[in-house]
Amino acid sequence: MKYLVKLFVVTFLVLICTHANAEKKIAYIDMKYILNNSKAGKGAQDFLKKSFTKNQKIFTDEENKLKEEEKDLLIKKNIITTEEYQKKTDDLRKKVIDYQSKRRSSLEKISKQRAEARVELLKKLDPILIKYINDNNISIILDKKNIVMGDADLDLTNIIIEELNRELPALNLK
């Protein structure tokens, strides 16, 4: 009898304490699409692409000049003295090192700008997502890349892009 009462009490407590949420709302968004196709994201990409292309042209021209200088030096190798050849070779090496340093710093600057633009976009996107979750009683939003299949009605990507375009029409990159 003692065990029967304990069993009854434990069963009663388990049944009372267990509550089930019948429906949890789940949605998904395509983060990559949002970052690449929002107005601010497109503007940042265009700016970075133009900067990269402009720098690439400058560095290609400089590289061609250095190659020409190297060819001229090799042609003059037998004509000029050994000390003069060594001096010109050292000067050329310094120019090449300087060129490589400028190119590396330019690429680092562009990648830093890209990272800053991404961070700024994500900072603006977080409050939009939080507001949407609270307004529509959504339990969780997943990234589309982590989903195998899903109902198209659960995709919030276009809604979030529209809201992001209203909140952040452009990024100021320098």
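# Pockets, a cavity and a ring pair

Visitor: By class, how many nonpolar, polar and charged residues does the lining of the largest pocket have?
Guide: This is a predicted model, numbered from 1 along each chain as its sequence is written, where local features need pLDDT of at least 70, side-chain atom pairs count only at pLDDT 80 or more, and totals for chains, interfaces and linings use all residues. Side-chain values use heavy atoms, leaving out hydrogens and water. Ala, Val, Leu, Ile, Met, Phe, Trp, Tyr, Cys and Pro count as nonpolar, Asp, Glu, Lys and Arg as charged, the others, Gly among them, as polar. By class, the lining has seven nonpolar, three polar and three charged residues.

Visitor: How much space lies in the largest pocket?
Guide: A pocket is an open set of points on a 1 Å grid over the protein atoms alone, with protein on both sides within 12 Å along at least five of seven lines; lining residues have an atom within 4 Å of a point. Points join across faces, edges and corners, and a volume is the space filled by probe spheres set on them. For the largest pocket this comes to about 340 Å³.

Visitor: Which residues that line the largest pocket are the closest to its centre?
Guide: The lining has 13 residues. Helix 2, helix 3 and helix 4 each give two or more, and helix 4 gives the most, with five. The closest to the centre are Leu35, Asn36, Gln45, Arg114 and Arg118.

Visitor: Which element gives the most to the lining of the second largest pocket?
Guide: About 170 Å³ of space lies in this pocket. Its lining includes Lys124, Tyr132, Ile159 and Glu167, and divides into five nonpolar, one polar and five charged residues. With seven residues, the element that gives the most is helix 4.

Visitor: Which residues line the largest cavity?
Guide: A cavity is a set of points where a 1.4 Å probe fits but cannot get out. The structure holds one of 30 Å³ or more, and the largest has a volume of about 30 Å³. Helix 3 gives the most to its lining, with four residues. The lining is Phe52, Asn55, Gln56, Phe59, Arg103, Ser106 and Leu107.

Visitor: How do the planes of the aromatic pair of Phe59 and Tyr99 lie: stacked or edge-to-face?
Guide: Rings of Phe, Tyr and Trp (its six-membered ring) pair if their centres lie within 6.5 Å; planes under 30 degrees apart are stacked, over 60 edge-to-face, the rest tilted. The whole structure has one such pair. Phe59 and Tyr99 are 5.9 Å centre to centre with 70° between the planes, so the pair is edge-to-face.

Visitor: Are Phe59 and Tyr99 buried or exposed?
Guide: Phe59 sits in helix 3 and Tyr99 in helix 4, 40 residues apart. Buried means under 20% relative accessible area, exposed over 50%, partly exposed in between (1.4 Å probe, protein chains only). Both Phe59 and Tyr99 are buried.

Visitor: How far apart are the end C-alpha atoms of helix 3?
Guide: Helices (H or I, at least four residues) and strands (E, at least two) are DSSP runs, numbered from the N terminus. The expected span is 1.5 Å times one less than the number of residues. Helix 3 has 37 residues, so it should span 54 Å. Its ends agree, at 54 Å.

Visitor: In what order do the elements of the protein chain run?
Guide: The protein chain has five helices and two strands. From the N terminus on, they run α-β-α-α-α-β-α.
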